Amino acid sequence: MNYLRGAFKPACNISITFTDGKNRKQVPVKKDNGQMVMNPLFHSQETIAGKVCIEPYQGKKVEHNGVKVELLGQIEMYFDRGNFYDFTSLVRELDVPGEIYENKAYPFEFPTVEMPYETYNGVNVRLRYVLKVTVTRGYAGSIVEYQDFVVRNYSPLPPINNSIKVRSKLSQFPGSLSLFILNPFALKPLLASDMLNSFGPLLDVQMEVGIEDCLHIEFEYNKSKYHLKDVILGKVYFLLVRIKIKNMDLEIRRRESTGAGANTHVETETLAKFELMDGAPVRGESIPVRLFLTPYDLTPTHKNINNKFSVKYYLNLVLVDEEDRRYFKQQEITLYRLKDESS
Amino acid sequence: MIADGAGEDEEKWLAAGAAAFKQNAFYMQRAIDSNNLKDALKYSAQMLSELRTSKLSPHKYYDLYMRAFDELRKLEIFFMEETRRGCSVIELYELVQHAGNILPRLYLLCTAGSVYIKTKEAPAKEILKDLVEMCRGIQHPLRGLFLRSYLAQISRDKLPDIGSEYEGDADTVTDAVEFVLLNFTEMNKLWVRMQHQGPARDKEKREKERSELRDLVGKNLHVLSQLEGVDLDMYRDTVLPRVLEQIVNCRDEIAQYYLMDCIIQVFPDEYHLQTLDVLLGACPQLQPSVDIMTVLSRLMERLSSYAALNTEVLPYFLQVEAFSKLNNAIGKVIEAQEDMPILSAVTLYSSLLKFTLHVHPDRLDYADQVLGSCIKQLSGKGKIHDTRATKELVTLLSAPLEKYNDVVIALKLTNYPLVLDYLDSENKRVMATVIIRSIMKNKTIIATAEKVEALLELIKGLINDLDEPQGLEVVDEDDFEEEQNSVARLIHMLYSDDPEEMFKIISVLKNHFLTGGPKRLKFTIPPLVVSALKLIRRLPEEGDNPFGKEASVSATKIFQFLNQIIEALPSAPSPDLAFRLYLQCAEAANKCDEEPIAYEFFTQAYILYEEEISDSKAQVTALQLIIGTLQRMHVFGVENRDTLTHKATGYSAKLLKKPDQCRAVYACSHLFWLQDQETIQDGERVLRCLKRALKIANSAQQMTSAARGSTGSVTLFIEILNKYLYFYEKGIPQVTVESVESMIQLIKNEESLTSDPSAESFFASTLRFMEFQKQKGGVVGDKYEQIKV
């Protein structure tokens, strides 16, 4: 048994440690198998330095054609599995070809690395940063070890951050500022990701269903851009209510689109469902909105990352009437990571 | 069945809710015990989710709410401990808001807010404002009401009131008031909204449910009234206008009624007094169906008792013109509510009257104004037939009597009789009885003719048949008699020391009574006669007038008056009464030395006797009266007296039954002998009378023995013997010892004596009397000594 194990075992153990590994902040990352692991956190323009240790197993020697460490930034599309696209690739040669008999440590350093994109784990796409150590060997196959790390980038305070103010009036059709009514039977298919792409046609269809002069609201969110620990403040004002509303929710939805052109895949997730109102309001009521973003697992908005994917966030105001018909109005918000945050 | 089913289901739902609630409460408690804030929040939110149910009626929901309330107290204590352990309260305040469902979130927020205020890390007003605003998220009436009621509950001891440990800056009271007002307004809106939700057929059930919830809303007003900082200015400038605005604008009957009442009950009277016009101004703006009557009545009640307890505030009542404001307001309310029933209007005025009587007892004009306004409302509506309204009207009219205990005051109210006119005749009588009873109870003397006139106007229900056709109403005989008796009693309360005024009074009475119909005369005339006779007695002796002034009231005049009123009587079936009254008058005239008048009265009496008194028993009684009266008359000259006595003896002899004849005749003997009057001492005729009586007695006895075969009674003889003895004792020369002795002998011989025990004992006692007189000695004794038995 020992013999067998020895045969398939890699000839050595490779470990990668960061110079300030003990002090550096670790953040949880979900692995493919669903487990959470803690990975060190870096920011763009940081120097990534550390040490690669190669420890041959007892009584073995490692012959190699060279040892190198690479810093890779990869985008991985799940529908195109196996195909990584490296947008960043830096290499350090650590050793010339030779043999390693005993433990050996190679320090390395990538000074002020440009890492423009944040680590992202989505439904259809993943953006990861990884250190890859390769002990190149000829016939036996190279020995490779990966060490993931997380990159997060801060944004400055947006110079312009207007509030969102919408007045929705069904009687104003055909305007674009309308609430959509969703046929309850068509709810599921319509909630699918294509819905948002077929904005125009949907409007037309829904307006013909017609709840003209039934519901007429005005709502306001204090900002259009929120940082990840922000609070969404706002209010919903009821100008006309002729239907019996049961409750009103505010949803945070993430739309992830991958690919381009005909191959575009859009995935929408509801990350937060937050009840704003219970019961039927009457005309003139104004309902406060206060939603803390902290408890939700959000990322900054990503726009066209390397022409591969985008992540957008929406606030979806949903009104449900007593017959469980849903009326909603969606507004895009921009999320960003603020410097002062602790993470 | 359906209702039962629903009730059962509800029980089930409540049980299920309570069970889930308990379970989560248990987990929460466990988390608290292990200081696990995250779990405590999680389980408390789950626990509170049970309050999201729509299936329970308010009553059952309250049950659940109370459980939540208790549990949240524990949570609050835990929060407090957490902050002491270093958990930032600001963080905590944010943390509770992460809950996804709004209802649990807001309950937790209120709880955390309570802790936040306690730590004083932020001004109370900011937190309270935030809480009350956030609660807008609950638009469901029932859940919203309870949530806000929870907010009110936890904030009660944390308002930034003056003197409170949470007192803030200069405007601190305003902040506290604003908070409560806002919560109140929102709660009321929710409460009113309940009315309009759900199917129309459940309206009744809904209204019942709403009334179960009303105290939740009213509590806010109570809180306001408890605030130290709500002084009069604050109340007048902020609290009241805002509350009224909400009340008026909600346009809901139940809410308006309840909240108006609430205002009146919870705030101090002093405030009401100073803001009367504002408060009253709101009344006409309420929905027409609101029972404003009760509201205003309560207000006036409160103000009256306030005035009663604190006499020093009375000037304020005048200063703010409380009365005229109330009066105007009532007018406006009635105007605004077109189809207000008469009952309400009358009740309102009744309360107003009570109010003014209590508060301004010296301002009779106010009371009169009330009555005037009342007339204005009643006019054009004819007599009131609604029994409750009538009853209320009677109460209204009784109020001044009860207050002043003096009907004279009521008589000064010019509108009083006008209001009275709106009663139907039955109630007029009731009212009249009330008035009379008041007079009798308080022994009020009514001393001027004018007032008497007014009083009679008030009680004319008793004096006249009124304009209503007779026979329409059946008045119970006993009731009628009782009423008339009370009128009779009343007459004695109408009294003036001044004869002239007194005469006017009785003249007024006469004028009224004579129109009262025969049924009443027999009750009303006698006391009037007595009253007049009393007056005569009080008149100064003629010629006694020191000023030589011709008195306007002379005995003659009164006698004429008497004659007139008694004349009215015979037409009624009571000749007996008139007869007696004539004799009374004759006697009075006798005392006044008015011979012709006395003679006239006698003549009237005789005529009545001859023409109207036909019953033999009545005749006997009448004749006895005549004899008795005539005997005492000393005013007559010989001739007149002769005529009258002769007539009297003539009547005696014409009585039907022999014994009656006998007795009348021996009674007549007294007419001829007056001990103290020299002129009337005719022994001859006395004896003649006695002899005649004896003769009649004899024939009476013979008649009985002839008709029945047995001997008649000897009683008559014994009676005659007594007469003999009387005159003998008086010393009439014609009545001799012999005649007495022969009389005794006659009786002794009568064989029937022994068979009649009563006659026997009568005779025996007569003999004993003689013996007794004999023993006494002296002149009388000597006289009896001579009689040999």
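How many salt bridges does the count come to over all chains? It comes to 51, where a salt bridge is a side-chain nitrogen of Lys or Arg within 4 Å of a carboxyl oxygen of Asp or Glu.

Hello everyone, a quick word on the ground rules. This is a predicted model, so local features need pLDDT of at least 70 and side-chain atom pairs count only at pLDDT 80 or more, while totals for chains, interfaces and linings use all residues. Residues are numbered from 1 along each chain as its sequence is written, chains are lettered from A and ligands numbered from 1 in the order in which they are written, and side-chain values use heavy atoms, leaving out hydrogens and water.

Let's go to the pairs that join the chains. A:Glu285 forms a salt bridge with B:Arg193, and their closest N and O atoms are 2.8 Å apart. A:Glu285 lies in the loop between β19 (265-278) and β20 (286-292) of chain A, and B:Arg193 lies in helix α8 (residues 172-195) of chain B, so this pair joins two chains. Helices (H or I, at least four residues) and strands (E, at least two) are DSSP runs, numbered from the N terminus. A:Glu285 is buried, at a relative accessible area of 3%, and B:Arg193 is buried too, at 7%. For the cut-offs, buried means under 20% relative accessible area, exposed over 50%, and partly exposed in between (1.4 Å probe, protein chains only).

B:Asp130 and A:Arg290 also meet in a salt bridge, at 2.2 Å from N to O. Here B:Asp130 sits in helix α6 (residues 124-134) of chain B and A:Arg290 in strand β20 of chain A, so this pair joins two chains as well. Both B:Asp130 and A:Arg290 are buried.

In chain A, the side chains of A:Lys104 and A:Asp95 meet in a salt bridge at 3.3 Å, N to O. A:Lys104 is partly exposed at 34% relative accessibility, whereas A:Asp95 is buried at 16%. Over in chain B, a network of salt bridges links B:Glu133, B:Arg136, B:Glu186 and B:Lys189.

Which residues form the positive surface patch? They are B:Lys534, B:Arg537, B:Arg538 and B:Lys591. Patches take residues with over 30% relative accessible area and no salt bridge, joining like charges within 9 Å and nonpolar side chains (Val, Leu, Ile, Met, Phe, Trp, Tyr) within 5 Å. Helix α27 (residues 518-538) of chain B gives the largest share of the positive patch, three residues. B:Lys591 belongs to helix α29 (residues 575-591) and is exposed, at 60%.

A negative patch is made by B:Asp476, B:Glu477, B:Asp478, B:Asp479, B:Glu481 and B:Glu482. One of them, B:Asp479, is in helix α25 (residues 477-491) of chain B and is partly exposed, at 42%.

Please also look at two backbone angles. Most residues other than glycine have a negative phi. A:Asp324, not a glycine, has a positive phi of about 65°, in the loop between β22 (309-321) and β23 (326-336) of chain A. B:Lys443 has a positive phi of about 50°, in the loop between α22 (425-442) and α23 (449-458) of chain B, and is exposed at 60% relative accessibility.

Last stop, helix α33 (residues 658-668) of chain B: is it mostly covered or mostly uncovered? Mostly covered, with eight of its 11 residues buried, among them B:Cys662, B:Tyr666 and B:Cys668. The cover includes α31 (616-632), α32 (638-653), α34 (683-708) and α35 (715-730) of chain B.

Note on methods
Areas by Shrake-Rupley, 256 points an atom, 1.4 Å probe, with all protein chains shown as cover. Lys, Arg positive; Asp, Glu negative; His and termini not counted. Charge placed at Lys NZ, Arg CZ, Asp CG, Glu CD. Contact = heavy atoms within 4.5 Å.
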